[in-house]
Amino acid sequence: MYLHNRLESKSNFFQKIKDVDFILLAGILLLGIISISTMYSTDGGQVLFHTKSHFVKFVLFTGLMLLISFLNIRFWFSISYIAYFIIILMLIWTVNFGITASGSQRWINLYFINLQPSELMKIFIILCLAKYFHRKRLENVNSFYSIIFSMIIILLPMSLVIIQPDLGTSILISISGILVLWFSGLNHKYFFYSFLISILSLPFIISFLKPYQKLRVLTFLNPDRDPLGAGYQIIQSKIAVGSGGLFGKGFLQGTQSYLEFLPEKHTDFIFTLFSEEFGFLGSVILLLIYTIIIYRVIKIGSISRSYFAKLFCYSFGGSLFVFITINMSMVLGLLPIVGSPLPIMSYGGSSMLATMIGFGIVMSAKIHSKQAIA
Amino acid sequence: MINQSDNVLKLNSINRRMFILAAAKVILLGGIVSRLFFLQVKENKKYLTLSDKNRIREWKLPPVRGHFEDYFGNTIAGNFEAYELHLIPEEIENFKYTINRVRNILQLSENQFQKILKKKDQIKPWENLIVSNNLTWENFSKINNNLYDLNGVKPVISVSRNYPFKENYTHVLGYVSQANEQDIISNEIIKEKFVQGLKVGKIGLEKTFENDLIGTNSIERYEVNAYGRRISQLEFQKGDKGKTIKLTIDTEIQKLANELLAEKAGSICVMDIFTGHVIAMHSSPSFDPNKFVFGINTDDWQLIRNDPMKPLVNKSLSGNYSPGSTIKPIVALSALENKIINANFRVNCKGHKEPLELYGQTYHCWKKEGHGIVDMREAMKQSCDTYFYEVARRLGVDKLSETAKKFGLGKKVFEDLFEIEKSGLVPSTSWKKNVLGINWVLGETIITGIGQGYIQTTPIQLCLMTAQIANGGHKIIPKLIVDSKTDDEDKFSPIVEDAKNMKLVQDAMFSSTNEVRGTSYKSRIDDPKYQFAGKTGTAQVKRITKQDRELDLDTSEIPYEERDHALYIAFGPYKNPRYAVSIVIEHGGSGGAVAAPLAKQLFKKIIDRHEIRKNFESNKYLNI
């Protein structure tokens, strides 16, 4: 028995390596290389702080992702609620003792890293709800109790993040949660009605927005109303993308970013810089890489035996897509500016950590796809 | 088993929803790609332009102003290298230390120092702070010697206006100074080329030819970052220097005119009687235009402004004087032309004993004892007023004014070349009726005959008049700019009907200068090479009362403002005339005593220079 176990675990390990999704891994590594080179460009063609930091984080978190992928999917299933609960505690901690930067209190100081729990919540809310709905029978999904429970799961972190204040992330958290609800089979009518209600209450919501948020909406509707103030970011961003043309200005040749016309070029507007330097073709290739990654994530979901893994992969893939879409729409002037990073590409440890944990769980689902969870 | 079927249901549900969402994703992705396509491919040009507009900034540099040259190609308004001192605040580690070092080296006054500090607050830290725009060489080299511990201090050599002949050309050229708001508003070209520190013509030819002189800006194109800091130079587009403008004036004669008028208020004009070239045109007193280039200081300005001799007034062009007896050649010519008199017409001048009386007014000759019986030649020679009273009475003011106008009186000589030029005044009966609304009276005709009353002339008009008398009564068009085109058809067309009449007047003027009892006999030159003919004039500034006449004071005993203007017109050499001269000395006294002697010195120089001028001209053609 003991020997058998040893043998099994040994063959198990090689089997696991064999089962790693190499296409997904290749996609992630490719994206990492692109993001590090882009970061190198934002540093003006030098290996400076952002490049180094981004590189170190990417290497570290890729390692973490591989580590996670070898952990049994059951482990993630078992700790889902606890993890969610810990992040909630962290968010509460953030609200009270967090580090404030540019007007919002988002980070907690862990001495070796400043962590942004709201970013992690984007992933762990999926995990939590996936576990919840894993056990639910389909007819119970639409029960009053389960709707209320999932509402609380979503609204609790949302409200904790909104008071930081960080509207963008809280919206993204809720979208992650709603995606799980969608896949778990919640009745279409709820989505339809809540969509209708939110559209109708939009003017009401806008009146409750903070002045700077209102300004963002107004600026989105007409960027030229204050070209040097509120509209500056979006105008410069569009100029950068538009001037890139079909083939781009070339690596390290992006004048808009090099001459510092682009704001937030390391983080939310990283795609603008990339698009300026590599043009339409480069942007399409980047989108293609993202598409491949998301496709693989969904593919893994579809081959997973366990409902939990399936639910997680589909939702994670969906939320990745939403994050990418929102970020790009924002920098291309299709949506108002809300803080939302581009996964992997944007500078920012917490966001990358969350995404990598997500990929790790997906990989784990692949490796353990035959595993059923009771 | 129930569990099993539920699982199947759940799987069906999740897979179905997955496909719905996948379809939505494809649509959204398509949306993003098409947006990218729209921005990057379709609207690429627009955004590329915007991006260049963002990053490329042009800096205009002051254009290099064109020169003025005299007839012989000497620069009379040029450029010199001005030494400037700039500070770049951002490059200075310890601004307080550096600015105090600079202050000590340049010995700046508290006032200047405060101005610089104020300026510093108005500029961006990487922009140049101009501490001085005209350092002396001494200070400039001192700064250069101390550069080792003056980081961010930049000595700069720039180009600025210089008038090497100082006060000699002030009234012709005018001067340049810092362009002000008024200059920018009134001239589109200045507006277009304006940069900080641009100097533009304020008056005179500098102003008239501003658009030719100004040149084009050099342009530096820099790549700048979002904060306007220059990153790299992309291009340097060199501007063109402004046009060089060549005058007809001979600097040597101009300088002599200035010397002759030293300490006097007045004007000297010299003109070529065939080409119309203005050889010299000077108004005295003058001032040094270089003082205005960097802004004149208050003391100097007060000195110039409050001078009773009015250095700011260009007397050659805007001094309206009664011509006095210098009008007599025109009166005589008009009478001869209109056949009112002939050369033998005589009048008996009895002096103050029996003055001409008309409607209760008396008209005295200047000579107490009278001239006796005089004919035209004798009357001109001795400038007998009584004779010309009679001629004028017979001639009538309207015929006189017609002749005077033909000779260039009563209208601007240079048309619109100078803003400040006055047109003088040639009165006529209709003029008085129209302008003053009163009828002409005969007494006014009488005094017009000796150049008093309403008649007003500028020195340059008198010069033109004399030139046209000297060339035998042909119309000439005065020229100050060598290349200016004056292809008027009536150029050099005769303006007298009978050339003999002109000859008679010339001869009478000859006698006035070269024969005993002539009013300017003392100033004659016997050498036929330099011999000239002229006519004196003494214009009253105030009416001579009976008391004055009895007192008969010497000029020096009368207050300055009440002294007569001394005038003299002349042409020479008499045998073969080429140049005409007009001299006006404000409040100088009698024309014969004060103005005519200047002509003597002037003609010597003019005739000597003629050879050189002629050779220069023929050489010029040979070179072509």
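**Note on a predicted two-chain model**

1. In chain B, strands S1(B) and S8(B) pair in the antiparallel sense over five bridges. Strands here are DSSP runs of E with at least two residues, helices are runs of H or I with at least four residues, and both are numbered from the N terminus. Two strands count as paired if DSSP finds at least two bridges between them. One position in this pairing can be named: B:Lys60 stands opposite B:Ile219 in S8(B).

2. On the source: this is a predicted model, in which local features need pLDDT of at least 70 and side-chain atom pairs count only at pLDDT 80 or more, while totals for chains, interfaces and linings use all residues. Residues are numbered from 1 along each chain as its sequence is written, and chains are lettered from A and ligands numbered from 1 in the order in which they are written.

3. The pair from point 1 belongs to an open sheet of three strands in chain B, with the order S1-S8-S9 and antiparallel pairing. Strand S1 (56-60) and strand S9 (230-237) of chain B are at the edges with a single partner strand each, so each has one side without a neighbour in the sheet. On average, and with direction ignored, neighbouring strands of this sheet are turned by 30° against each other. In general, strands of a sheet pair through backbone hydrogen bonds, either parallel or antiparallel.

4. In total, 34 residues of chain B are in contact with 36 residues of chain A, contact meaning that the C-beta atoms of two residues, placed from the backbone, lie within 7 Å. The side of chain B that touches chain A has 18 nonpolar, seven polar and nine charged residues. For these classes, Ala, Val, Leu, Ile, Met, Phe, Trp, Tyr, Cys and Pro count as nonpolar, Asp, Glu, Lys and Arg as charged, and the others, Gly among them, as polar.

5. Chain A has 16 helices and three strands. Of its 374 residues, 50% are buried. A residue is buried if 20 or more other C-beta atoms lie within 10 Å of its own, exposed if 12 or fewer do, and partly exposed in between, with C-beta atoms placed from the backbone. Among contacts in chain A between residues at least 6 apart in sequence, 70% join residues at least 24 apart.

6. One helix pair in chain A is H12 (residues 232-244) with H14 (residues 270-303); their axes come within 6 Å and cross at roughly 20°. That angle makes H12(A) roughly parallel to H14(A). Their crossing is left-handed. From H12(A), the contact is made by A:Ser237, A:Ala240, A:Val241, A:Ser243 and A:Gly244, and from H14(A) by A:Thr272, A:Leu273, A:Ser275, A:Glu276, A:Glu277 and A:Gly279. These residues divide into three nonpolar, six polar and two charged.

7. The terms of point 6 are set as follows. Axes are lines fitted to C-alpha atoms, for helices over the stretch in contact, and angles run from 0 to 180 degrees between N-to-C directions. Angles under 35 degrees count as roughly parallel, over 145 as roughly antiparallel, 65 to 115 as roughly perpendicular and the rest as oblique. A crossing is left-handed if the near helix is turned anticlockwise from the far one by less than a right angle, and right-handed if clockwise.

8. In chain B, H15(B) and helix H17 (residues 385-395) pack at an angle of about 45°, their axes 10 Å apart. The two helices are therefore oblique to each other, and the crossing is left-handed. B:Lys328, B:Val331, B:Ala332, B:Ser334 and B:Ala335 in H15(B) meet B:Phe388, B:Val391, B:Ala392 and B:Leu395 in H17(B). By class, the residues of this contact are seven nonpolar, one polar and one charged.

9. Some backbone values deserve a look. Most residues other than glycine have a negative phi, and most peptide bonds are trans. The bond from B:Ser284 to B:Pro285 is cis, with omega near -10°; B:Pro285 lies in the loop between strand S12 (278-284) and helix H12 (290-293) of chain B. A cis peptide bond also joins B:Gly572 and B:Pro573, with omega about -10°. B:Lys339 has a positive phi, near 60°, and is exposed, with 10 other C-beta atoms within 10 Å.
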